[in-house]
Amino acid sequence: KYLLLPFPSHWHTKVPKVMRLRNELLLFLLLGAASHSSAFQLSPSPLRLDVGPNGHGYVSRSRVASRNGAKKMTMSLTNAAVGTGSGALKSVLKKASKVLTVCVEYDESAQNKGAPSLTTLELETLSMQIRKLKAAALWTSDPGKVSIFTSEQESAIGNFPGPCPVVFDGALDQIENAVSAGASAVVIDAGSLGSGKEEYESEVVWRVSSAEDAERVISAIGDNVEKSCFLVECNTMDKTTETLAALPKAAAAIASVDAMQPEDEEVTAARLFKKFGCASILVRGACVGDDEDVDYTGYIVEELTSKKSSEFNFSGLTGSANGHFGGVASSETSKWRRVQSVNA
């Protein structure tokens, strides 16, 4: 309430000694707090990986919070031992409690034909809402969206919930643009190892579709395997479980499901994947730019992270060509206008 300043010497005779000591102590604490907080001021920074207050990792060339111990890494597709990152993304996606984490994908191409694209303000609002709904990470294949989402997430530094990572899952030749835009991590196919691309600064999520892919990446990243993340996308259930079994337990395994499946099959499939060692679920097409993005994100995060009973009625498993599975019946059916309009 009051600004404390050193007192002139002639005041000391008029101010009780106890009060002087109290004021001097408060002044000392005030100056100490100001000195401490200066280490957390936003300042221009080169591309770097920081770990936010809630453990979220992010990479940005824009104004980011400078913190002692911030880590930076490079990944190369040609090195014998390929870097995979500081492990910040893994710490977000894989919980010690073994509770599933939920990543949501923003895929504007999946929205209904003729629907207008979201404005920058609308995308920023969606990013904020996804964070408040406690999604673990936000994925996109568009470098332009990476820039918008990252800038918005960084505005939450020091708040709760803090920033969530923005992961780029797009074309290999767009990775440099995505990293420059601030992507926290990029998805690289196991088949791209040895492609001759230049080094980038980012976390890496390795996409694998077989046990052989997994073994190839594990061999390439060497000791970094304990900090690594793997996205498993296969075309059969047997292949998926086989690939999950080939992954190191220390790594973070991510599996993907399609959003808004009949009979809530994405929920039951995700829970089954958890039994095979999956730590995080990527919900493809969770957000497309329509008025159900927020409702569905809240629904799927709650369904997959709550401690409700995990008993199900098995009706058989089916695998689709893109590697997203369903076929396990849940007790109730979810109806979404987005799906109804597509099927109409």
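Colleague: What makes you say that the buried residues of α6 pack against other elements, and which elements are they?

Modeller: This is a predicted model. Packing rests on contact, that is, heavy atoms within 4.5 Å. The buried residues of α6 have such contacts with β9, β10 and α7 (237-246).

Colleague: Which residues of helix α6 are called buried, and why?

Modeller: A residue is called buried because its relative accessible area is under 20%. In helix α6 (residues 211-221), this applies to A211, D213, A214, V217, A220 and I221. The helix is followed by G222, whose phi is positive, near 60 degrees.

Colleague: How do you know that β9 and β10 are paired strands, and which way do they run?

Modeller: Two strands pair if there are at least two bridges between them. Strand β9 (residues 203-208) and strand β10 (residues 229-232) are joined by 4 bridges, so they count as paired, and they run parallel. Within this pair, V205 stands opposite C229 of β10.

Colleague: To what arrangement do these strands belong?

Modeller: They belong to a closed barrel of 8 strands with parallel pairing, in the order β5-β6-β7-β8-β9-β10-β11-β12. On average, neighbouring strands of this sheet are turned by 30 degrees against each other, direction ignored.

Colleague: Which strands does helix α3 touch, and how is the helix directed?

Modeller: Helix α3 (residues 120-132) packs on the sheet and touches β5 (101-106), β6 (137-140) and β12 (280-287). The direction of α3 makes about 170 degrees with that of β5. Helix α4 (residues 143-154) lies across β5, β6 and β7 (166-168), at about 165 degrees to β7.

Colleague: Why is a set of residues called a nonpolar core, and how many residues has the largest one?

Modeller: The term applies because buried residues of kinds such as Ala, Val, Ile, Phe and Tyr are joined through side-chain atoms within 4.5 Å. The largest such core has 59 residues, and F273, I281, V283, Y296 and I300 have the most contacts inside it. Helix α9 (residues 293-305) gives the largest share, 5 residues.

Colleague: What does I281 touch?

Modeller: Leaving aside residues up to four places away in sequence, I281 touches L100, T101, V102, C103, A255, V257, A270, F273 and L304.

Colleague: How much of the whole protein counts as buried?

Modeller: Of its 344 residues, 49% count as buried.

Terms used:
Residues are numbered from 1 along each chain as its sequence is written. This is a predicted model: local features need pLDDT of at least 70, side-chain atom pairs count only at pLDDT 80 or more; totals for chains, interfaces and linings use all residues. Side-chain values use heavy atoms; hydrogens and water are left out. Helices (H or I, at least four residues) and strands (E, at least two) are DSSP runs, numbered from the N terminus. Axes are lines fitted to C-alpha atoms, for helices over the stretch in contact, and angles run from 0 to 180 degrees between N-to-C directions. Buried means under 20% relative accessible area, exposed over 50%, partly exposed in between (1.4 Å probe, protein chains only).
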